[in-house]
Amino acid sequence: MNIGQLINQIALMFCLMLVGILINKLKFMHSQTSSDLTNVLLYIVSPCLIINAFEQPYSQSRIRQFILAAIGVVVLYVIEIIVVKLIFGRLKNENLKRITQYGSIYSNAGFMGIPLISSLFGSKGVFFAVVSLAGFNIFSWTQGVSLFKDTKNGTSEKISWRQVLLNPNIIAIVLGIFIFAFSIRIPNMPNQVIKYVSSINTPLSMIVIGNSLANIKFTKDMLNKEIGLTILLRNLIFPIISIFLLKIIGVTGIAFYTTIVMAACPVAGLVVLFTLQAHGDAAPAISVMSLSTILCLITIPLVFALGTIL
């Protein structure tokens with residue numbers, strides 16, 4: 001795997017996004033359609049992709065790298081949470097404080113990361129990518145959600161662990177680990193169905209992202225110093241930290257490259273949803289998400305190149 005192949009894959013994914021933009025401009029996809037396809041991706045296609053990735057022979061070295069990568073992902077999230085609290089925790093604008101903290105920490109692991117890893121490394125890469133996906137789901141739906149809770153009145157909603165643990169992707173990961181650990185063979189017919197469904201993940205994800213970007217009107221007011229710093233942290237600084245962290249822990253090979261690419265993915269689209277649910281101004285969230293996504297065309301190959309050099 002070289003940097004040229006990575007650039008080609010990212011360019012291909014952006015071409016698929018352009019298809020999504022075209023579909024939007026032709027009025028072929030409305031907001032309800034986009035919402036429905038998002039649910040299909042999150043609750044059907046992604047779990048199938050995860051289960052398919054775990055259907056491979058058990059290997060001690062593979063499971064060791066899996067565990068080391070998991071340790072690296074958890075430590076990286078802790079570092080990110082502490083750093084963004086120190087940088088943005090004192091912002092007077094509560095809405096911007098939430099957006100910058102969440103945007104800096106959480107990447108688009110599912111919609112951008114998994115399709116990219118699947119294209120680059122196939123099921124072997126997705127096997128290790130689910131570590132980052134699990135970390136995202138656990139931290140985002142606990143610490144991430146807590147950023148958007150109203151604590152001014154001295155009351156804060158409790159974290160719903162039921163919502164976290166019953167997430168289809170988490171369930172798929174648990175099932176996948178069971179399948180991998182006991183070398184279980186899925187019967188041919190359901191196995192083929194899983195493979196066919198998982199194969200649409202990359203094109204459908206990129207088309208949905210492109211459709212979302214098509215609704216954004218870019219203006220010079222979209223970028224301020226807080227938004228710029230958020231993108232710098234999300235797209236470059238934290239991924240570079242992940243390189244050193246994983247090297248120290250001893251993560252190597254596909255596990256290493258998969259994890260740094262997942263860490264280098266742009267701001268998670270959930271930042272917009274959570275802002276809307278908190279009745280905040282979604283404009284900064286849309287700005288940071290869209291600009292981060294566009295810039296990742298440059299920053300992901302840069303992070304990958306640094307990973308191969310360091």
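Predicted model: local features only at pLDDT ≥ 70, side-chain atom pairs only at ≥ 80, totals over all residues.

User: What's the volume of the largest cavity?
Analyst: About 170 Å³.

User: And which residues lie nearest its centre?
Analyst: Val73, Leu76, Tyr77, Ser132 and Ala263 do, out of 17 residues that line the largest cavity.

User: Which helices supply at least two residues each to that lining?
Analyst: There you have α3 (60-88), α5 (109-146), α10 (225-249) and α11 (253-263). The top contributor to the lining of the largest cavity is α3, which gives five residues.

User: How does that lining divide into nonpolar, polar and charged?
Analyst: For the largest cavity you get 10 nonpolar residues, five polar ones and two charged ones.

User: OK, the second largest cavity now. What volume does that one have?
Analyst: About 50 Å³.

User: Which residues line it?
Analyst: The lining of the second largest cavity consists of Leu41, Leu42, Ser46, Gly110, Phe111, Ile114, Asn201 and Ser205. At least two residues each come from α2 (31-54), α5 and α9 (201-213).

User: How many charged residues in there?
Analyst: None: the second largest cavity has four nonpolar and four polar residues in its lining, and no charged ones.

User: Switching topic. In the largest nonpolar core, which residues touch the most other members?
Analyst: Phe66, Tyr102, Tyr106, Phe136, Val271 and Ile300, in a core of 92 residues. Helix α5 gives the most to this core, with 20 residues.

User: Let's zoom in on Tyr102. What does it touch, not counting residues up to four places away in sequence?
Analyst: On that count, Tyr102 touches Phe136, Ser140, Gly144, Leu147, Phe148, Ala268, Leu270, Val271 and Phe274. Two of those partners, Phe136 and Val271, are also on the list of core residues that touch the most other members.

User: One more, Gln163. Where does that lie?
Analyst: Gln163 lies in helix α6, which covers residues 161-165.

User: Why do you class Gln163 as partly exposed?
Analyst: Because its relative accessible area is 45%, and partly exposed is what we call anything between the 20% limit for buried and the 50% limit for exposed.

User: And what separates the C-alpha atoms of Gln163 and Thr33?
Analyst: 24 Å, with the two residues sitting 130 residues apart along the chain.

How values were computed. Residues numbered from 1 in each chain as written. Heavy atoms only, no water. 1 Å grid on protein atoms, 1.4 Å probe; cavity = no way out; pocket = protein on both sides within 12 Å on 5 of 7 lines; lining within 4 Å. Points joined across faces, edges and corners; volume = space filled by probe spheres on them. Helix = DSSP H or I, 4+ residues; strand = E, 2+ residues; numbered from the N terminus. Nonpolar A, V, L, I, M, F, W, Y, C, P; charged D, E, K, R; others polar. Core = buried A, V, L, I, M, F, W, Y, C linked by side-chain atoms within 4.5 Å. Buried < 20%, exposed > 50% of the residue type's maximum accessible area, 1.4 Å probe, protein only. Contact = heavy atoms within 4.5 Å.
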